[in-house]
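Hi there,

Here is the structure I promised to pass on to you. Have a look at it first, and then read my notes below.

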Amino acid sequence: MKTKSSRSKKSPANEALTRRDFLKGASVAVSGGLLAAQAAGAATPPAEVLGPGAVPITLRINGKSHKLDLEPRVTLLDALRNNLDLTGAKRVCDRGVCGSCTVIMDGKPVYACNVLAIEAQRHSFTTIEGLAEGDKLSPVMAAFINHDAQQCGFCTPGFVVACTAYLQKHRHPAREDVEKGLGGNLCRCGTYAGVREAVLEAAKTM
Ligand code: FES
Ligand code: FES
């Protein structure tokens, strides 16, 4: 049986920390690999310099291609919100901590504030705006309403997107797995219990 102390070890904040540690480790590994290749005398092609002015960028969002002119420093989150009027993904921490900006990239949830728009060109994205079919709510959206899984609602789009991506990979999750699987999203209003119930209900209908 799960104890309170064991739950605290798997709190959302700790889970998010684990993801960040992984990303830090991955970047160190990539840098190390490049240095090793240079030390071995491997020929490295000259890097193409883009910017600092706007450059043409094409983003594939919710099944449609969008051509934009953006500076290379612009994040996917800012491109969505400021250039495409897709404001469902929220900017809260803007540093890969809270999950309010979560979108699905090639089937995996990512923080849109952590992805540069120029890098996003190689991928396909689904945002909260792409989950409903017209006026018909997605199973996760409907389950969030049924279980009152939001209060102020600011974190809710990110949670709905993260829950959708989670259920696409885990069709029959156990309650404790849901808690762990959504560790990358934080809710200041503390709606976690309702969110977990919503995921378990949506799992039955997806
Ligand atoms: S706004 Fe992107 S993770 Fe918080
Ligand atoms: S519902 Fe308010 S931050 Fe989550």
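How does R91 count at 40% relative accessibility: buried, partly exposed or exposed? R91 counts as partly exposed, because buried means under 20% relative accessible area, exposed over 50%, and partly exposed in between (1.4 Å probe, protein chains only).

Before you go on, please note that this is a predicted model, where local features need pLDDT of at least 70 and side-chain atom pairs count only at pLDDT 80 or more, while totals for chains, interfaces and linings use all residues. Residues are numbered from 1 along each chain as its sequence is written, chains are lettered from A and ligands numbered from 1 in the order written, and side-chain values use heavy atoms, without hydrogens and water.

Now the salt bridges (a side-chain nitrogen of Lys or Arg within 4 Å of a carboxyl oxygen of Asp or Glu). The structure has four of them. R91 meets D94 in one, at 3.5 Å from N to O, and a network of salt bridges links D78, R91 and D94. In another, E197 meets R175 at 2.3 Å. That pair links distant parts of the chain, with E197 in helix 7 and R175 in helix 6, 22 residues apart. Helices here are DSSP runs of H or I with at least four residues, and strands are runs of E with at least two, numbered from the N terminus.

Helix 7 covers residues 192–205, and its buried residues include G194, V195 and L200.

Enjoy exploring!

Conventions. The expected span of a helix is 1.5 Å times one less than its number of residues.
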